[in-house]
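These are my notebook entries from a first look through one structure. I wrote them in the order in which I looked things up.

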Amino acid sequence: MLYLLRQLILILAVILFIGRVSQAEPPAGKQYTQPDPAMVSAVMKKAKEEAGNMTLPVNKYNKQGLKAAQQSADFFHSPEFQQKLQCEQQRLEKEVFGQYIAPWKKKRQKAKENRSIPAGSERIFLFISSSVPDETVHAYIATVARITEPSVILVMRGVVGGLTGRKGIHYFSRILKKDLRCRDEKTKKSQKRCPRYQVPVAIAADLFGQYGISRVPAVVYTDAKSSFRIQGDMALGYLLERIDREAQSATLEKLIRKIRGHR
């Protein structure tokens, strides 16, 4: 950035100098000669020296800016905001763009009806890992538990220390809680455990390689003919909706309605 600024100042200095010489009107009866090359060279050298002595001030708000940007990104990708985003998208589709979208939806529905996919061949893999924030994983688990669809499968590459290791047991015990704030209580006479979701999580590293999953969260929809992939920290309903734009699956459309609370 500093180098480009210096070069720009040098170019402007030369342009201004030449412009003054070329645009000046000579007095009556006199004529100006062409600019002296030595003079032009001297001006360019001086401008280059001055540009080299320039320093940009240190941005004292750099840390605050990075923190604010991270907070904005976290807020945008939060499940709550993504849910509001989906609701607003539905409202715009219905109230503003309804008359334009209707013909496209009709054509799309017809294409779905013409597809012949054997029953039970569709699968939706939701790829997660312990590196994903607990709140995000918990939102996915809660959604999968609520829709109770066996075709939706949570997949992990593995867990540090193994499934039966202390870290693995602690991780699953934590993220499967229905309320992440709940704490198990154990006394000498009794034990109170927090309610947990009964959602299976498949450990399948081979699926990560098979579908080219380079980052998580990610969703893969596959049927008897093809597969579709999307990666990003967004609500499950939104990710499936993005896939369905290409897949045009009646099963996906039904699942999306179910996630949104519509039967």
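**Entry 1: a residue in α6**

I began with Thr 143, which I found in helix α6. I keep in mind throughout that this is a predicted model.

**Entry 2: the nonpolar cores**

Next I looked up the largest nonpolar core, which has 33 residues. Which residues have the most contacts inside it? I listed Ile 124, Leu 126, Ile 141, Val 219, Leu 236 and Leu 240. At least two residues of this core come from each of β1 (123-128), α6 (134-147), β2 (152-156), α7, β6 (218-222), α9 and α10. The largest share is that of α9, which gives 6 residues.

I then followed Leu 240 on its own, again leaving aside neighbours within four places in sequence, and found it in contact with Ile 124, Val 219, Leu 252, Leu 255, Ile 256 and Ile 259. I also noted a second, separate core of 10 residues, which includes Phe 125, Phe 127, Phe 208 and Ala 218.

**Entry 3: helix α10**

Which residues of α10 are buried? I wrote down Leu 252, Leu 255, Ile 256, Lys 258 and Ile 259. Around the helix axis they cover an arc of only 160°, so they lie on the same side of α10. As background I noted that an α-helix has 3.6 residues a turn, so residues three or four places apart point the same way. The buried residues of α10 pack against β1, α6, β2, β6 and α9.

I checked both ends of this helix as well. At the start of α10, a side-chain oxygen of Ser 249 comes to within 3.2 Å of the backbone nitrogen of Thr 251. Just after α10, Gly 261 has a positive phi of about 95°.

**Entry 4: the disulfide**

How many disulfides are there? I counted 1 disulfide, and it joins Cys 182 to Cys 194 with an S to S distance of 2.0 Å. The pair links distant parts of the chain, 12 residues apart, with Cys 182 in the loop between α7 (166-175) and β3 (185-186) and Cys 194 in the loop between β4 (191-192) and β5 (201-203). Because the torsion about the S-S bond is about -90°, I recorded this disulfide as left-handed.

I looked up the accessibility of each cysteine in turn. Cys 182 is partly exposed, at a relative accessible area of 22%, whereas Cys 194 is buried, at 5%.

**Entry 5: the salt bridges**

My count of salt bridges came to 7, and I followed some of them residue by residue.

The side chains of Arg 196 and Asp 184 meet in a salt bridge, 2.8 Å from N to O. This pair also links distant parts of the chain, 12 residues apart, since Arg 196 is in the loop between β4 and β5 and Asp 184 is in the loop between α7 and β3. Arg 196 is buried, with a relative accessible area of 14%, while Asp 184 is partly exposed, with 33%. Which residues are linked in a network of salt bridges? I found Asp 184, Arg 193 and Arg 196 linked in this way.

In another salt bridge, the side chains of Arg 260 and Glu 241 meet at 2.2 Å, N to O. Arg 260 lies in the segment after α10 (250-259) and Glu 241 in helix α9 (residues 236-247), so this pair ties together parts that are 19 residues apart in sequence. I noted Arg 260 as partly exposed, at a relative accessible area of 24%, and Glu 241 as buried, at 13%.

The last pair I looked up was Arg 181 and Asp 179, which form a salt bridge with their closest N and O atoms 3.2 Å apart. Here Arg 181 counts as exposed, at 71% relative accessibility, and Asp 179 as partly exposed, at 33%.

Key
Residues numbered from 1 in each chain as written. Predicted model: local features only at pLDDT ≥ 70, side-chain atom pairs only at ≥ 80, totals over all residues. Heavy atoms only, no water. Disulfide = S-S within 2.5 Å. Helix = DSSP H or I, 4+ residues; strand = E, 2+ residues; numbered from the N terminus. Buried < 20%, exposed > 50% of the residue type's maximum accessible area, 1.4 Å probe, protein only. Salt bridge = Lys/Arg side-chain N within 4 Å of Asp/Glu carboxyl O. Core = buried A, V, L, I, M, F, W, Y, C linked by side-chain atoms within 4.5 Å. Contact = heavy atoms within 4.5 Å. Arc of directions from axis to C-beta. Polar contact = N/O pair within 3.5 Å; in protein donor to acceptor, adjacent residues only side chain to side chain.
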